[in-house]
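Colleague: I would like to learn how to read a structure feature by feature. Can we go through one together, with the general idea ahead of each case?

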Amino acid sequence: SAQKMAALESLSFKLTHESGSTPLMDGVLIKNITGNVILNKAFDLQIDAEALGITALKIEILAIDGRVHMTDPISRKWREISFRDTPFDFTNIGDTLAQILRDIKSPKQTVDQALKDGAHLQLGGTISTVNLQKLIPSAADDLEVNLEIVIRSDDFILTEVRIAGPVTPTDPKEIVRSLRFYNFNESIEITAPSSE
(Lines give C-alpha, C1' and ligand atoms only; values in the text may rest on other atoms or scores of the structure.)
Protein backbone atom coordinates (compact mmCIF):
# COMPACT_ATOMS: atom_id res chain seq x y z
CA SER A 1 0.00 0.00 0.00
CA ALA A 2 2.86 2.40 0.81
CA GLN A 3 4.36 1.79 -2.65
CA LYS A 4 0.97 2.36 -4.32
CA MET A 5 0.43 5.68 -2.51
CA ALA A 6 3.95 6.92 -3.29
CA ALA A 7 3.36 6.20 -7.00
CA LEU A 8 0.13 8.23 -7.28
CA GLU A 9 0.03 11.25 -9.58
CA SER A 10 -3.11 12.93 -8.21
CA LEU A 11 -5.95 12.48 -5.75
CA SER A 12 -8.83 14.29 -4.07
CA PHE A 13 -9.65 14.16 -0.38
CA LYS A 14 -11.99 15.37 2.34
CA LEU A 15 -10.83 16.04 5.89
CA THR A 16 -13.47 16.25 8.60
CA HIS A 17 -13.32 16.69 12.35
CA GLU A 18 -15.50 14.14 14.10
CA SER A 19 -14.82 16.12 17.26
CA GLY A 20 -12.67 19.15 17.98
CA SER A 21 -11.22 21.47 15.33
CA THR A 22 -7.88 22.69 13.97
CA PRO A 23 -6.88 26.38 14.20
CA LEU A 24 -6.19 28.09 10.87
CA MET A 25 -5.31 31.47 12.38
CA ASP A 26 -6.19 33.40 15.54
CA GLY A 27 -9.92 33.01 16.17
CA VAL A 28 -10.55 30.88 13.05
CA LEU A 29 -11.15 27.13 13.40
CA ILE A 30 -11.19 24.59 10.56
CA LYS A 31 -14.19 22.27 10.48
CA ASN A 32 -13.79 20.55 7.09
CA ILE A 33 -11.40 20.67 4.13
CA THR A 34 -12.01 19.43 0.60
CA GLY A 35 -9.00 19.37 -1.66
CA ASN A 36 -7.35 18.30 -4.89
CA VAL A 37 -3.66 17.44 -5.13
CA ILE A 38 -1.29 17.04 -8.05
CA LEU A 39 1.41 15.07 -6.27
CA ASN A 40 4.68 16.94 -5.71
CA LYS A 41 3.38 19.93 -7.70
CA ALA A 42 0.29 21.69 -6.34
CA PHE A 43 -2.76 21.52 -4.12
CA ASP A 44 -6.02 23.45 -3.86
CA LEU A 45 -8.04 23.44 -0.62
CA GLN A 46 -11.58 24.63 0.08
CA ILE A 47 -11.95 25.17 3.82
CA ASP A 48 -15.13 25.38 5.87
CA ALA A 49 -14.24 27.29 9.03
CA GLU A 50 -15.89 29.16 11.83
CA ALA A 51 -14.89 32.25 13.77
CA LEU A 52 -16.10 33.97 16.89
CA GLY A 53 -19.11 36.05 15.99
CA ILE A 54 -19.32 34.65 12.44
CA THR A 55 -21.25 31.43 11.90
CA ALA A 56 -19.33 30.19 8.85
CA LEU A 57 -16.39 31.15 6.68
CA LYS A 58 -15.22 29.83 3.30
CA ILE A 59 -11.47 30.05 2.71
CA GLU A 60 -9.36 28.74 -0.15
CA ILE A 61 -5.66 27.86 -0.01
CA LEU A 62 -3.72 27.13 -3.19
CA ALA A 63 -0.09 26.03 -3.37
CA ILE A 64 1.80 25.94 -6.67
CA ASP A 65 5.36 26.67 -7.89
CA GLY A 66 6.64 26.78 -4.30
CA ARG A 67 4.25 29.58 -3.31
CA VAL A 68 1.11 29.47 -1.17
CA HIS A 69 -1.91 31.71 -1.73
CA MET A 70 -4.94 32.14 0.54
CA THR A 71 -8.19 34.03 0.18
CA ASP A 72 -8.93 36.59 2.86
CA PRO A 73 -11.85 35.30 4.98
CA ILE A 74 -13.75 38.59 4.64
CA SER A 75 -12.76 40.21 1.32
CA ARG A 76 -12.14 36.87 -0.49
CA LYS A 77 -9.11 38.46 -2.20
CA TRP A 78 -6.00 36.33 -2.72
CA ARG A 79 -2.79 37.02 -0.79
CA GLU A 80 0.47 35.11 -0.53
CA ILE A 81 1.33 33.42 2.76
CA SER A 82 4.21 31.34 4.08
CA PHE A 83 4.13 27.53 4.07
CA ARG A 84 4.69 27.86 7.83
CA ASP A 85 1.24 29.47 8.13
CA THR A 86 -0.60 26.48 6.64
CA PRO A 87 -1.91 23.92 9.17
CA PHE A 88 -1.55 21.05 6.68
CA ASP A 89 0.93 20.38 3.86
CA PHE A 90 -0.54 18.22 1.10
CA THR A 91 2.14 18.88 -1.56
CA ASN A 92 3.83 15.49 -1.21
CA ILE A 93 0.78 13.65 0.16
CA GLY A 94 1.59 10.39 -1.67
CA ASP A 95 5.05 10.10 -0.10
CA THR A 96 3.70 11.38 3.22
CA LEU A 97 0.95 8.77 3.38
CA ALA A 98 3.38 6.06 2.29
CA GLN A 99 5.70 6.93 5.18
CA ILE A 100 2.80 7.09 7.65
CA LEU A 101 1.80 3.56 6.58
CA ARG A 102 5.36 2.36 7.20
CA ASP A 103 5.50 4.06 10.62
CA ILE A 104 2.33 2.52 12.12
CA LYS A 105 3.19 0.61 15.28
CA SER A 106 1.71 -2.86 15.89
CA PRO A 107 -0.89 -2.77 13.06
CA LYS A 108 -3.72 -5.24 13.53
CA GLN A 109 -6.63 -6.05 11.25
CA THR A 110 -9.95 -4.93 12.70
CA VAL A 111 -13.47 -5.79 11.60
CA ASP A 112 -16.13 -3.23 10.83
CA GLN A 113 -19.67 -4.31 9.91
CA ALA A 114 -19.68 -1.84 7.02
CA LEU A 115 -16.51 -3.37 5.54
CA LYS A 116 -17.45 -7.06 5.58
CA ASP A 117 -17.89 -7.07 1.80
CA GLY A 118 -14.28 -8.19 1.45
CA ALA A 119 -13.45 -5.23 -0.82
CA HIS A 120 -11.55 -3.42 1.95
CA LEU A 121 -9.08 -4.13 4.73
CA GLN A 122 -9.29 -2.19 7.98
CA LEU A 123 -6.23 -1.89 10.20
CA GLY A 124 -5.67 -0.21 13.54
CA GLY A 125 -2.50 0.78 15.37
CA THR A 126 -0.69 3.73 16.89
CA ILE A 127 1.76 6.27 15.52
CA SER A 128 4.06 8.85 17.06
CA THR A 129 3.01 12.40 16.21
CA VAL A 130 6.56 13.20 15.08
CA ASN A 131 5.79 10.91 12.12
CA LEU A 132 2.83 13.14 11.18
CA GLN A 133 4.83 16.38 10.92
CA LYS A 134 5.06 16.25 7.10
CA LEU A 135 1.26 16.28 6.95
CA ILE A 136 0.64 18.47 10.04
CA PRO A 137 3.76 20.68 10.43
CA SER A 138 2.80 21.77 13.97
CA ALA A 139 2.53 18.14 15.18
CA ALA A 140 4.22 17.52 18.53
CA ASP A 141 7.48 15.60 18.86
CA ASP A 142 6.39 13.36 21.72
CA LEU A 143 2.70 12.37 21.54
CA GLU A 144 1.13 9.14 20.32
CA VAL A 145 -2.25 8.79 18.62
CA ASN A 146 -4.51 5.96 17.54
CA LEU A 147 -4.71 5.43 13.80
CA GLU A 148 -7.31 3.49 11.82
CA ILE A 149 -6.85 2.97 8.09
CA VAL A 150 -8.94 1.45 5.31
CA ILE A 151 -7.24 -0.07 2.25
CA ARG A 152 -8.89 -1.44 -0.90
CA SER A 153 -8.29 -5.17 -1.15
CA ASP A 154 -7.91 -5.32 -4.93
CA ASP A 155 -5.22 -2.67 -5.46
CA PHE A 156 -4.06 -1.77 -1.90
CA ILE A 157 -4.91 1.93 -2.32
CA LEU A 158 -5.45 3.74 0.98
CA THR A 159 -8.97 5.23 1.06
CA GLU A 160 -9.45 6.37 4.68
CA VAL A 161 -7.39 7.46 7.67
CA ARG A 162 -8.81 8.24 11.12
CA ILE A 163 -6.50 9.97 13.62
CA ALA A 164 -7.84 9.89 17.20
CA GLY A 165 -6.16 12.06 19.83
CA PRO A 166 -4.12 15.27 20.07
CA VAL A 167 -1.54 15.72 17.33
CA THR A 168 -0.43 19.26 18.19
CA PRO A 169 0.27 20.56 21.71
CA THR A 170 -2.86 22.77 21.54
CA ASP A 171 -5.30 20.09 20.31
CA PRO A 172 -8.17 19.18 22.65
CA LYS A 173 -7.91 15.71 24.18
CA GLU A 174 -11.02 14.43 22.39
CA ILE A 175 -10.06 15.57 18.85
CA VAL A 176 -10.66 13.08 16.02
CA ARG A 177 -9.69 13.85 12.41
CA SER A 178 -10.83 11.72 9.46
CA LEU A 179 -9.40 11.80 5.93
CA ARG A 180 -11.13 10.15 2.97
CA PHE A 181 -9.29 9.82 -0.37
CA TYR A 182 -10.80 9.38 -3.84
CA ASN A 183 -10.40 10.34 -7.55
CA PHE A 184 -7.01 8.63 -7.74
CA ASN A 185 -4.89 9.54 -10.80
CA GLU A 186 -7.72 11.52 -12.40
CA SER A 187 -6.99 14.64 -14.44
CA ILE A 188 -6.75 17.70 -12.15
CA GLU A 189 -5.89 21.25 -13.18
CA ILE A 190 -4.59 23.75 -10.62
CA THR A 191 -3.46 27.22 -11.67
CA ALA A 192 -2.10 30.12 -9.65
CA PRO A 193 -4.54 32.95 -8.86
CA SER A 194 -4.61 35.60 -11.59
CA SER A 195 -4.35 38.46 -9.09
CA GLU A 196 -3.74 38.88 -5.38
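Predicted model: local features only at pLDDT ≥ 70, side-chain atom pairs only at ≥ 80, totals over all residues.

Colleague: How many residues does the largest nonpolar core have, and which of them have the most contacts inside it?

Modeller: The largest nonpolar core has 49 residues. Those with the most contacts inside it are Met5, Leu11, Phe13, Ile47, Phe90, Leu158 and Phe181. A second, separate core has 7 residues, among them Ala42, Ile64, Trp78 and Ile190.

Colleague: With which residues is Phe181 in contact, leaving aside its neighbours within four places in sequence?

Modeller: Phe181 is in contact with Leu11, Phe13, Leu97, Leu158 and Val161, and also with Ser12, Thr159 and Glu160.

Colleague: How should I read the aromatic rings?

Modeller: A pair of aromatic rings is described by the distance of the centres and the angle of the planes. The count here comes to 3 aromatic pairs. One of these pairs is Phe43 with Phe90, at 6.0 Å centre to centre and 80° between the planes. The pair of Phe43 and Phe90 counts as edge-to-face because its planes are over 60 degrees apart.

Colleague: Where in the chain do Phe43 and Phe90 lie?

Modeller: Phe43 is in strand E4, residues 42-51. Phe90 is in the loop between strand E7 (78-81) and helix H2 (93-103). The two are 47 residues apart, so the pair links distant parts of the chain.

Colleague: Are Phe43 and Phe90 buried or exposed?

Modeller: Both Phe43 and Phe90 are buried. Ring pairs also link Phe13, Phe43, Phe88 and Phe90 into a cluster.

Colleague: Next, the strands. What is the general idea there?

Modeller: In a regular strand the side chains alternate between the two faces of the sheet. As for pairing, E4 and strand E5 (residues 54-64) are antiparallel, with 9 bridges. Ile47, one of the core residues with the most contacts, has Ile59 in E5 as its bridge partner.

Colleague: How many bridges join E5 to strand E6, and in which sense do they run?

Modeller: E5 and E6 (residues 67-71) run antiparallel and are joined by 4 bridges. Ile61 stands opposite Met70 in E6. E6 in turn is joined to E7 by 4 bridges, again antiparallel, and there Met70 stands opposite Arg79.

Colleague: How many residues lie between the strands in the hairpin of E6 and E7?

Modeller: That hairpin has 6 residues between E6 and E7, and Arg76 in its turn has a positive phi of about 70°. The hairpin of E5 and E6 has 2 residues between its strands.

Colleague: Which residues line the largest cavity?

Modeller: Its lining consists of Leu97, Ile100, Leu132, Leu135, Val161, Ile163 and Leu179. H2 and strand E11 (158-164) are the elements that give two or more residues to this lining.

Colleague: To finish, is Ala140 buried or exposed?

Modeller: Ala140 is buried, because its relative accessible area is 7% and the class covers values under 20%. Ala140 is in the loop between strand E9 (120-128) and strand E10 (144-152). Not counting residues up to four places away in sequence, Ala140 touches Thr129, Val130, Gln133, Val167, Thr168 and Pro169.

Colleague: How does Lys108 read by those steps?

Modeller: Lys108 lies in strand E8, residues 105-110, and is exposed, with a relative accessible area of 56%. Not counting residues up to four places away in sequence, Lys108 touches Gln122, Leu123 and Gly124.

Methods. Residues numbered from 1 in each chain as written. Heavy atoms only, no water. Core = buried A, V, L, I, M, F, W, Y, C linked by side-chain atoms within 4.5 Å. Buried < 20%, exposed > 50% of the residue type's maximum accessible area, 1.4 Å probe, protein only. Contact = heavy atoms within 4.5 Å. Phe/Tyr/Trp six-rings, centres within 6.5 Å; stacked < 30°, edge-to-face > 60°. Pairing = 2+ DSSP bridges. 1 Å grid on protein atoms, 1.4 Å probe; cavity = no way out; pocket = protein on both sides within 12 Å on 5 of 7 lines; lining within 4 Å.
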